Amino acid sequence: MPTTDNSLVELENLLGPHLVGVALGVGAPPLLANRFRLEGIRGRGARGLVVKAHDLRLARSVALKLYPYPEQTLIAEAQAEARTLAQLRHDNIVAAYDVDFTELDLAGRPLPCLFLVMEYVDGPHVRAWIANESPHAGAIIDAFLAAGEGLAAAHERGILHRDVKPANIVLDPKNKAARIVDFGLARELTRDGDAQRTTQYGLTKGTLAYMAPEARRGRTEVRSDLFSFAVSLWECLTGELPFDPDAGEWRLANQPDFAGANKLPPALAPALRRALSYDPDQRQGSLRELLDELRARHQTRPRRSPLPLYLGAGATATAFAGLAYAFSGEGAEEHPREAPAQIRDDAIEPAEVAPEPLHAPLPAPAPPAPRCDGERFTGRWRLTSQVLWADDSYWIGVEGFYRLDLSVDATCALSATLTRVGDSGNRRYARPLVADSAMEVTRAADGGLWLAGEFRLWGDSSPKRHVFTVTPRGDELVGDWIFFETSDRPSMTGIVRAARGATVGPVDAELAHSPCPSQCRILCMGARAQARCVSEICATGGQLGADGCSAPDLDAPPPIGAQDLLAAIYSGAAESEVASDKCREHARHLAGPWRVWQGGAAQDLDLVVDGCELSGQIRARDGSIAYPATGAVNSKGQWFLRPSPEVQAPIWALTGRDPAIGAAGSYPRAPLVAHRAR
Amino acid sequence: MQPQSNAAIDPLIQDNWPKLKRFFRAKVPEPDCYELVQDTLMEFVKKHREKVLDNPRAYLWGIARFKVLKYIGGKRSATAEFDSKIHSVMGPQTTLSVRFDRRDKLMNALRSLTAEQQIAFELHYGEGMTNEEVAQTMELSPATAKRRIKEARERLQILLANSSHLEIADAYRSG
């Protein structure tokens, strides 16, 4: 079903042929409101058609935005708003001159239209600019900083934009400025737009993908524009939207991390992440504050002379050929590849340090008095991870070996290079896998420092992510490792130990010896359950017992192995495996008492193992339900339990030993988390 | 300037403008897509006036195809020669994700085909051309045209597991 307004397409299909006719000498150019000569269609947004026109009265080019079949009752409101907007004059804002209503006569059919008269800018919007010119990060950031000035100026006048997005920033060839366009016109006035996209006043919302959570609920404010600005800049720098545009409320609130984070220039990550906070109070207080933060971390070299970035490819009819957008920040270096700066009192600009090849000897150690938290982590670390839980139990106990090189820049932003050297499963890589990323340092409630970062070791487009979260313990770092084979759910989790120097000692596989937040991340299923565990148990210095995690997040996706196993059993496709050493080996670890959460309900399980077959008693914690179940383990250590036939209870499928994670039931599926009872 | 109201616009232009527009919109950014529509129609009308064409539709779409391939070829960097049999209209220069709504998802899958596959698919399923007409427009043998259409359909089915190619054709036509 098309989301573009049908009346817009109708208008476009009427106007287009008419203009071709004019070009062929048939008929006169269409005249709007007896004043504007329509000359060419420029674009079609979701709500209005943009047309280049000539204002016969003032003898200048204008851009008209046409809204066919507007709601009559809202026209006056639009005109009032336009009057306010018309007072905005700023180099980085495309001026809106007027709003009026008329009937456009095309081919004898009068078409009622609200139209907005705007300054005409003969340049591409940022989206088209990036697609065609491939500017590097510095130029993109400069463009956004400039457009941000305009937006901030509007905020200071009490005017919100409501629809900040890359398509609403245009690049003006005349004054080489990035300018923001389409203010306040989230009040779109179309007749047959998608009903769900309107607020209670019949006004269409802004573009959902860029909208702040509170704006989606109709409470737009200054920090909503800030949010949209950050989403736009993020997208333009990384090529990915930080949030899935289809994400509902809960996802926005509980997003584990933003897409594309590893492609972001590390220096800008903290400021942008803050601006993307779900809670407006967590964001910067104003756009001006965000701009200042970004500007401080984006070191532009002084411009010697305006160098043209890209020359147009010959003289063509298109608007952006032959134009030079001389934003500073030009040059070969892109932020992600800039060499880490040496830390000295007189901070050297990154460009003045020769880029170091990866795996080169370490730079000189940092000065003794740390300026910021990140500095105590700089240098080289050897890291070992050990798998505690995996979708395929083959991996349990396997160790991974890494090297981590960390450095800070003058603004205390941490960047890191992770190299995976090998693993105890005896895999050798033809060449080591390497990834760069930003890392973040946070202080926990107990004052402890935590260092976290996410790395993609298998190429840009693959979703495989390694997330490390560690804290100092003596001279070492300890913590947890979470591995995502696909983008939305962990496929392995484990413990991490890191040390400086040539070797790391063996990882202590006893989870109870790991820091409490790491235990939460490994044992609890879902971001909210983990957060609750950290804030309720760890903060009070408690220890996680078998009951340490409360109910899993109901919407946490189960491991793929468990999901597939469950689906196979319910559809009758599962075949019992012939008992083999492998499944016997896995099954041995499963015998005994368990504590299980099935969705929101806590249960107990007593498992008896016979070869690869399982049998057990499942009991609700309050004793209200008890029933027998039988099942089996397969060679991947994935296991299921089927209630005896007379019992109306769901089938369970889980992967792993302690914890075991999975799902129950066919549809809807409840998440399952099981811990060995001690 | 005396406006001639209701000047009779050639039905040929009236009918084909929307079709060419959605064809170009699916491959070329605004505002250039509109210029290409205009250029195509102007060239076609000129030729149409000069002589009688055997198959005007194939000729019109042949111009459109030629213009879009020339446009895309002109936009790519000097180091990567555009080859419509291999490259899609979204070159490596397209760095932005456009995953906003269902129609965009469908259109982006379409745009990720090779240019030839995309055009063959659109002409056949979007414009209702037969195999033979597609072949004539694209200057291919009928067997090759058929193969391009099939490749397009299969690849779309892989990219969009829960959409049929007909849904994609609908999305294309609504543009």
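In the predicted model, B:Ala143 is exposed, because its relative accessible area of 53% is over the 50% cut-off. The residue belongs to helix α7 of chain B, a helix that covers residues 142–159. Along the sequence, B:Ala143 stands 11 residues from B:Glu132, and the C-alpha atoms of the two are 9.1 Å apart in space.

Helix α7 of chain B also contains B:Thr144. B:Thr144 has a relative accessibility of 17% and therefore counts as buried, the limit for that class being under 20%. The side chain of B:Thr144 takes part in a polar contact with the side chain of B:Ser141, at a distance of 2.7 Å.

Within chain B, helix α5 spans residues 115–126 and helix α6 spans residues 131–138; their axes lie 10 Å apart and form an angle of about 135 degrees. The two helices are therefore oblique to each other, since angles over 145 degrees would be needed for a roughly antiparallel pair and the range from 65 to 115 degrees is the roughly perpendicular one. The crossing of α5(B) past α6(B) is right-handed. On the α5(B) side, the residues in contact are B:Glu116, B:Ile119, B:Ala120, B:Leu123 and B:His124. Their partners in α6(B) are B:Asn131, B:Val134, B:Thr137 and B:Met138.

The second pair joins the two chains. Helix α1 of chain A, residues 6–23, packs against helix α2 of chain B, residues 32–50, with an angle of about 50 degrees and an axis separation of 10 Å. The angle makes α1(A) oblique to α2(B), because the roughly parallel class holds angles under 35 degrees and the roughly perpendicular class begins at 65. A right-handed crossing describes how α1(A) passes α2(B). From α1(A), the contact involves A:Glu12, A:Leu19, A:Val20 and A:Ala23. From α2(B), B:Tyr34, B:Gln38, B:Leu41 and B:Met42 take part.

Chain A was also described as a whole. Its secondary structure consists of 13 helices and 24 strands. The chain has 678 residues, of which 55% are buried.

Conventions. Residues are numbered from 1 along each chain as its sequence is written. Chains are lettered from A and ligands numbered from 1 in the order in which they are written. This is a predicted model: local features need pLDDT of at least 70, side-chain atom pairs count only at pLDDT 80 or more; totals for chains, interfaces and linings use all residues. Side-chain values use heavy atoms; hydrogens and water are left out. Helices (H or I, at least four residues) and strands (E, at least two) are DSSP runs, numbered from the N terminus. Buried means under 20% relative accessible area, exposed over 50%, partly exposed in between (1.4 Å probe, protein chains only). A polar contact is a pair of N or O atoms within 3.5 Å; within protein, one must be able to donate a hydrogen and the other to accept it, and residues adjacent in sequence count only if both atoms are side-chain atoms. Axes are lines fitted to C-alpha atoms, for helices over the stretch in contact, and angles run from 0 to 180 degrees between N-to-C directions. A crossing is left-handed if the near helix is turned anticlockwise from the far one by less than a right angle, and right-handed if clockwise. Contact means heavy atoms within 4.5 Å.
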